[in-house]
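Good morning, and thank you for coming. Please look at the sequence and the model on the screen while I speak.

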Amino acid sequence: MANNILNFSLADFFYNDNPDVLGTPLDFEKWINHSDVRKSFSFFEQEILEAPRVSTRIRSKLDGKVRKVINLTSYNYLGLSTHPEVIAATKAALDKYGLGSSGAPLLSGTFDIHTEFARRLAEFKLKEDCILYSSGLGANVGAIQGIMRKGDYLILDEKCHKSLIDGGNLSGAKMLFFTHNDMKNLELMLEKAKGKRTLVVVEGVYSMDGDLPRLTEILELCEIYRAGSYIDEAHSTLIFGENGRGVAEHFGVEDRIGISFGTLSKSFGGVGGFVCSNKPLIRYLKGYSSPWNFSCAPSPAVIGGLMKALDVATRDSSLRDTLWANVNYMRNGLKGMGLNLGESESQVIPIIIGHSGEKLMGYAESMQKRGLFLQPVDFPAVPAYSRRFRISISSQLSRNEMDETLSIIEDVIIKGFR
Amino acid sequence: MTRFEVIEVMKRIIADNLDDMNVDNIDPQKSMKDYGANSLDMIEVVSCSMRELNIKVPRAELAEIQDIDGLADKFMEYIDT
């Protein structure tokens with residue numbers, strides 16, 4: 001390990017060879033405390049000192065200094081986490097209901113505000129019913145674990161989020177992965193699962209690449225093979241479609257989607273997750289979905305804010321329109337520099353650097369010191385040959401901030417200024 | 001340990017981890033994916049093989065390997081040293 005320490009990653013320490021169950025893998029401490037590795041990890045868990053607006057301050061773990069930065073790392077795509085009407089509604093709900101729900105939803109944790117918000121989300125997604133969860137991860141884990149059983153088949157796009165895989169593992173269903181957006185490979189997997197209860201899982205916007213599923217073709221295959229469909233619209237709800245209902249609306253296929261998932265932590269600006277489907281299935285889920293049954297219901301104060309966030313984002317298209325104008329401006333600017341943006345079609349834009357982890361971290365450091373906070377995404381979160389930065393565009397970005405961002409990226413990545 | 005022995009170890013672990021697999025039917029010129037392995041199966045096979053061979057190869061170095069033969073070549077680099 002001594003001569004190739006930077007080739008190792010968290011992927012190499014998953015299995016623990018230490019006979020002491022309270023100990024870490026034998027080489028883990030040596031690896032994680034190596035100065036180069038510590039420097040790489042300094043880009044993670046950096047403290048944000050103000051609201052996650054585009055313009056904010058962080059305490060840089062590189063040198064401990066407080067820096068004013070342009071923040072293109074938060075998921076606050078529509079700026080709703082700090083929208084004045086959302087804050088006011090949150091405060092009002094806090095005054096009325098207090099901080100916590102003080103109970104699991106099944107027992108004493110369901111307030112009128114939860115029921116009303118779930119009803120409005122179901123109406124928004126054009127589904128019969130909706131179940132609310134305290135976290136997005138919990139919603140995906142809970143929906144898959146609550147519906148699928150040993151002997152069933154779960155077919156996932158290989159780029160699906162960890163929460164979906166965790167749900168699959170917990171359910172005991174057989175999991176098959178198809179090559180990203182490859183319809184021939186999906187068909188092959190559907191053939192393997194033929195005759196079994198099968199659910200096909202895709203995302204609305206793939207979170208590391210910003211591309212979309214080939215949804216119409218995927219649904220055609222689901223219909224031919226009588227498989228159910230599940231779409232994770234974490235990064236696409238309130239962003240895609242004429243009314244912001246997501247990628248299913250964008251492709252005009254909402255009535256063909258079996259289960260629609262969304263988070264409340266990204267465009268919505270709060271925290272939590274929700275799953276919409278037909279009424280009997282949601283009723284059934286409430287019997288078996290552990291993150292709903294055995295976890296405290298979402299904070300009523302947050303639900304109060306989220307209800308207003310849904311209002312603000314859907315009463316007209318102004319926030320979405322501004323976001324898309326910003327996406328186009330930034331994409332054109334980045335493309336003009338000849339950067340590799342992959343197949344992104346959304347507000348999530350990767351800048352793919354390639355094999356070199358050293359380059360990735362070097363760029364991240366230089367950009368941060370110049371006042372641009374971009375999160376480096378390293379292996380194993382993405383393949384080792386396509387390490388990258390992931391840009392989250394926000395409707396809050398001003399033209400000046402976008403020009404400043406483009407100028408820093410050009411200086412550091414294209415011109416190599418340090 | 002010879003390359004042949006490394007491949008035998010891997011074949012046995014693949015057969016243990018994948019449904020309906022027999023050691024004699026595994027062709028090292030194929031990918032585990034050809035035998036229906038998903039990414040989690042592959043991590044399990046690689047991890048078990050490395051534990052048995054007593055080597056530590058960074059997963060990042062395995063990203064572009066195409067088949068079982070290629071994996072054996074990579075493992076041999078670490079066994080030799």
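I begin with Leu238(A), which counts as buried because it has 28 C-beta neighbours inside 10 Å, and the cut-off for buried is 20 or more. Please bear in mind throughout that this is a predicted model. Leu238(A) is found in the loop between β8 (228–232) and α10 (247–250) of chain A. Its phi is positive, about 75°, although Leu238(A) is not a glycine.

A second residue may be set beside it. Glu45(A) also is not a glycine, yet has a positive phi of about 55°. Its place is in the loop between α2 (35–41) and β1 (47–48) of chain A. Is Glu45(A) buried or exposed? Glu45(A) is exposed, because 7 other C-beta atoms lie within 10 Å, and a residue with 12 or fewer is classed in that way.

One further backbone feature deserves mention. The peptide bond from Phe379(A) to Pro380(A) is cis, with omega near 10°. Pro380(A) lies in the loop between β13 (375–377) and β14 (387–392) of chain A.

Let us now step back to chain A as a whole. Chain A holds 16 helices and 14 strands. For 418 residues, a compact globule would have a radius of gyration near 22 Å, and the 22 Å of chain A therefore agrees with that expectation. Its C-alpha trace spans about 60 × 50 × 45 Å along the principal axes. Of its 418 residues, 49% count as buried. If we take contacts in chain A between residues at least 6 apart in sequence, 69% of them join residues at least 24 apart.

I turn next to the strands. Strand β5 of chain A, residues 153–157, has five of its five residues buried. Which residues of β5(A) point one way, and which the other? Tyr153(A), Ile155(A) and Asp157(A) point one way, whereas Leu154(A) and Leu156(A) point the other way.

β5(A) has two pairings to show you. With strand β6 (residues 174–178) of chain A, β5(A) pairs in the parallel sense over five bridges; Leu156(A) has Phe177(A) as its bridge partner there. With strand β7 (residues 198–203) of chain A, the sense is again parallel, over four bridges, and Ile155(A) has Val200(A) as its bridge partner.

Strand β4 of chain A, residues 129–133, is mostly covered, with four of its five residues buried. β4(A) pairs with strand β10 (residues 273–277) of chain A in the antiparallel sense, over five bridges. The bridge partner of Asp129(A) in β10(A) is Ser277(A).

Finally, I come to chain B.

Ser49(B) counts as buried because it has 21 C-beta neighbours inside 10 Å. Leaving aside residues up to four places away in sequence, Ser49(B) touches Val9(B), Met10(B) and Ile13(B). Ile14(B) is 35 residues away from Ser49(B) in sequence, and their C-alpha atoms are 9.2 Å apart in space.

Thank you for your attention.

Note on methods:
Residues are numbered from 1 along each chain as its sequence is written. Chains are lettered from A and ligands numbered from 1 in the order in which they are written. This is a predicted model: local features need pLDDT of at least 70, side-chain atom pairs count only at pLDDT 80 or more; totals for chains, interfaces and linings use all residues. Two strands pair if DSSP finds at least two bridges between them. Two residues are in contact if their C-beta atoms, placed from the backbone, lie within 7 Å. The radius of gyration is taken over C-alpha atoms; the globule rule is 2.2 Å times the number of residues to the power 0.38.
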